[in-house]
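Me: Could you walk me through the packing in this one? I'd like to go through it bit by bit.
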Amino acid sequence: CCPEFFYFDLGNVLLDFDHAHACRNVADITGLAPEVVRRAIFESGLELRYEAGELTTEEFHAEFERRTGVRVAVDALSHACSDMFALKPGMAPLLAELRAAGHRLGLLSNTNITHWQFVYPGRFSELWPHFELFALSFALKALKPLPRIYEQAVLLAGVPASSIFFVDDRDDNVAGAVASGLDAVRFESAGQVRHELIRRRAL
């Protein structure tokens with residue numbers, strides 16, 4: 001039967017993003033090499049701690065400065081790290097079609113507060129009106145694919161896990177959702193997601 005609630009991931013499902021571009025942005029304002037920026041933010045686990053809500057923006061900034069030995073303004077670092085997103089083709093019209101059919105939509109994403117404040121609500125405004133709720137890792141203090149974030153997302157949706165359809169771009173996150181009882185598929189394209197929704201009689 002048709003799902004009662006529909007969750008979508010953010011990165012590489014609704015918005016394309018490019019960590020290499022973010023690293024170049026940070027390199028431009030700090031004089032560091034992009035690979036040094038990548039090691040400090042991504043390979044060190046600093047970004048994951050920020051997405052998990054373990055660090056405030058100020059703590060993330062201080063840790064970046066400690067790891068690299070450079071001084072940079074908080075706002076400048078935040079913008080450089082965040083200016084890497086672009087709208088995924090075909091997804092905004094698909095969300096509009098789902099909403100027009102009367103369905104409830106939510107966002108279920110690993111993200112940090114800086115990235116979220118960069119994209120929402122001022123940028124990509126064709127996406128946000130379609131969503132009823134946002135289940136975000138930094139706010140829930142849990143990361144996909146850990147069971148806790150799916151359990152909290154189910155509680156927020158207020159329907160059984162088996163009645164929730166979820167789209168994510170990563171196999172491990174899809175597997176985590178399935179293990180938590182959700183009906184989940186890996187994103188390939190807007191057309192593929194639309195086909196999955198038609199199969200479930202949502203469209």
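Me: Is Phe85 buried or exposed?
Reply: Phe85 is buried, because its relative accessible area is 15%, and the cut-off for buried is under 20%. Please keep in mind that this is a predicted model.

Me: And what does Phe17 count as?
Reply: Phe17 counts as partly exposed, because its relative accessibility is 29%, which falls between the limits of 20% and 50%.

Me: How many aromatic pairs are there by this rule?
Reply: The count comes to 14 aromatic pairs. One of them is formed by Phe17 and Phe85, a tilted pair at 6.4 Å centre to centre with 50° between the planes. This pair links distant parts of the chain, since Phe17 belongs to strand 2 (residues 15-17) and Phe85 to strand 3 (residues 85-87), 68 residues apart.

Me: What about Tyr150 and Phe166, what kind of pair do they form?
Reply: Tyr150 and Phe166 form an edge-to-face pair, with 6.4 Å centre to centre and 70° between the planes. Tyr150 lies in helix 9 (residues 147-157) and Phe166 in strand 6, so the pair ties together parts that are 16 residues apart in sequence. Both Tyr150 and Phe166 are buried.

Me: Which residues form an aromatic cluster?
Reply: One aromatic cluster is made up of Trp116, Tyr120, Trp128, Phe131 and Phe134.

Me: OK, on to the cores. Which members of the largest nonpolar core touch the most other members?
Reply: Those are Phe8, Leu14 and Trp128, in a core of 33 residues. The elements giving two or more residues to this core are strand 1 (5-8), helix 6 (91-100), strand 4 (104-109), helix 7 (113-119), strand 6 (164-168) and helix 11 (190-199). Helix 6 supplies the largest share, 5 residues.

Me: Which residues is Leu14 in contact with?
Reply: Leaving aside neighbours within four places in sequence, Leu14 is in contact with Phe8, Asp9, Ala86, Leu87, Lys88, Met91, Leu95, Leu107, Leu127 and Phe131. There is also a second, separate core of 20 residues, which includes Leu108, Leu140, Phe166 and Ala184.

Me: Switching to helices: at what angle do helix 4 and helix 5 pack?
Reply: Helix 4 (residues 57-68) and helix 5 (residues 74-82) pack at an angle of about 90°, with their axes 10 Å apart, which means that helix 4 is roughly perpendicular to helix 5.

Me: Which residues meet there?
Reply: From helix 4, Thr57, Phe60, His61 and Phe64 meet Val74, Leu77, Ser78 and Cys81 of helix 5. The residues of this contact divide into 5 nonpolar, 3 polar and no charged.

Me: And Glu65, is that buried or exposed?
Reply: Glu65, which has its place in helix 4, is buried, because its relative accessible area is 15%. Not counting residues up to four places away in sequence, Glu65 touches Val70, Arg71 and Val72.

Me: Last one, Leu46: where is it found?
Reply: Leu46 is found in helix 3 (residues 46-51), and Leu46 counts as buried because its relative accessibility is 0%. With residues up to four places away in sequence left out, Leu46 touches Ala40, Ile41, Leu55, Phe60, Glu63, Phe64 and Arg67.

Me: How many residues apart in sequence are Leu46 and Phe60?
Reply: Leu46 and Phe60 are 14 residues apart in sequence, and their C-alpha atoms are 7.3 Å apart in space.

Technical notes: Residues numbered from 1 in each chain as written. Predicted model: local features only at pLDDT ≥ 70, side-chain atom pairs only at ≥ 80, totals over all residues. Heavy atoms only, no water. Helix = DSSP H or I, 4+ residues; strand = E, 2+ residues; numbered from the N terminus. Buried < 20%, exposed > 50% of the residue type's maximum accessible area, 1.4 Å probe, protein only. Contact = heavy atoms within 4.5 Å. Core = buried A, V, L, I, M, F, W, Y, C linked by side-chain atoms within 4.5 Å. Axes fitted to C-alpha atoms, helices over the stretch in contact; angles between N-to-C directions. Parallel < 35°, antiparallel > 145°, perpendicular 65-115°, else oblique. Nonpolar A, V, L, I, M, F, W, Y, C, P; charged D, E, K, R; others polar. Phe/Tyr/Trp six-rings, centres within 6.5 Å; stacked < 30°, edge-to-face > 60°.
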